[in-house]
Amino acid sequence: MNLAERCRPIRLLLSDVDGVMTDGGIYFNDQRIETKQFHIHDGLGIRLWMEAGHNFGIVTSRKSIAVSQRAKELKIDLVRQGVAEKLPVVQAITKECGLFAENVAYLGDDLPDLPVLRWVGLGIAVSNARQELLEYANHVPQSSGGSGAVREIVEEILKAQDRWEDMIRRFGV
């Protein structure tokens with residue numbers, strides 16, 4: 001099955017955070033508060049994805065106030081933090097949304113993401129992911145984690161679904 005065929009049924013896009021939505025760095029300020037750097041292009045991509053009528057969610061092993069804040073800004077309701085085993089959580093979200101594995105895309109970068117990548121309809125490893133994920137991924141975007149990979153995937157899926165032109169018309173294009 002080629003990429004476009006895998007993209008067409010996708011209705012739910014789930015993503016890890018550290019190393020996918022960020023560069024993987026964990027930073028602490030002088031008050032020992034964790035901070036993260038998110039790419040602005042990813043944020044608009046997530047908004048466009050949801051405006052196209054699809055669901056977006058976060059499934060991450062760590063808990064972070066920065067993730068909660070970013071999710072709130074982007075109006076992401078599907079947020080699961082502190083997840084030790086991601087696959088059962090992804091399966092529960094899929095069921096909660098009334099979808100099947102073939103309707104789900106997942107972006108990951110490291111070993112805890114591997115079972116999910118192998119289960120979903122479109123398993124995506126960011127370009128700087130660990131080798132094991134790169135080997136099992138259905139697709140690897142050109143962008144690395146924290147550098148617009150989420151946006152790149154959103155565009156690719158919406159283009160395969162013939163929805164991209166509808167989304168960019170909002171901007172006078």
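The structure holds 13 salt bridges, meaning a side-chain nitrogen of Lys or Arg within 4 Å of a carboxyl oxygen of Asp or Glu. A word on ground rules: this is a predicted model, where local features need pLDDT of at least 70, side-chain atom pairs count only at pLDDT 80 or more, and totals for chains, interfaces and linings use all residues. Residues are numbered from 1 along each chain as its sequence is written, and side-chain values use heavy atoms, with hydrogens and water left out.

Take K86 and D16. Their side chains pair at 3.1 Å, N to O. K86 sits in helix α4 and D16 in the loop between β1 and β2, so the bridge ties parts 70 residues apart in sequence. Helices (H or I, at least four residues) and strands (E, at least two) are DSSP runs, numbered from the N terminus. K86 is buried at 3% relative accessible area. D16 is buried too, at 6%. Buried is under 20%, exposed over 50%, partly exposed in between, with a 1.4 Å probe and protein chains only.

Next, R62 and E34: 2.9 Å, N to O. Shared partners join D18, E34, K36 and R62 into one network.

**Cysteines**

How many disulfides? The count is 0, taking a disulfide as two cysteine sulfur atoms within 2.5 Å. The C7 sulfur is 18 Å from the closest one, in C97, too far for a bond. C7 is buried, at 1%. C97 is partly exposed, at 24%.

**Helix α7**

Of its 12 residues, 9 are buried, so α7 is largely enclosed by the rest of the structure. Among them are V150, I153 and L158. After α7 comes D162, with a positive phi near 55°.
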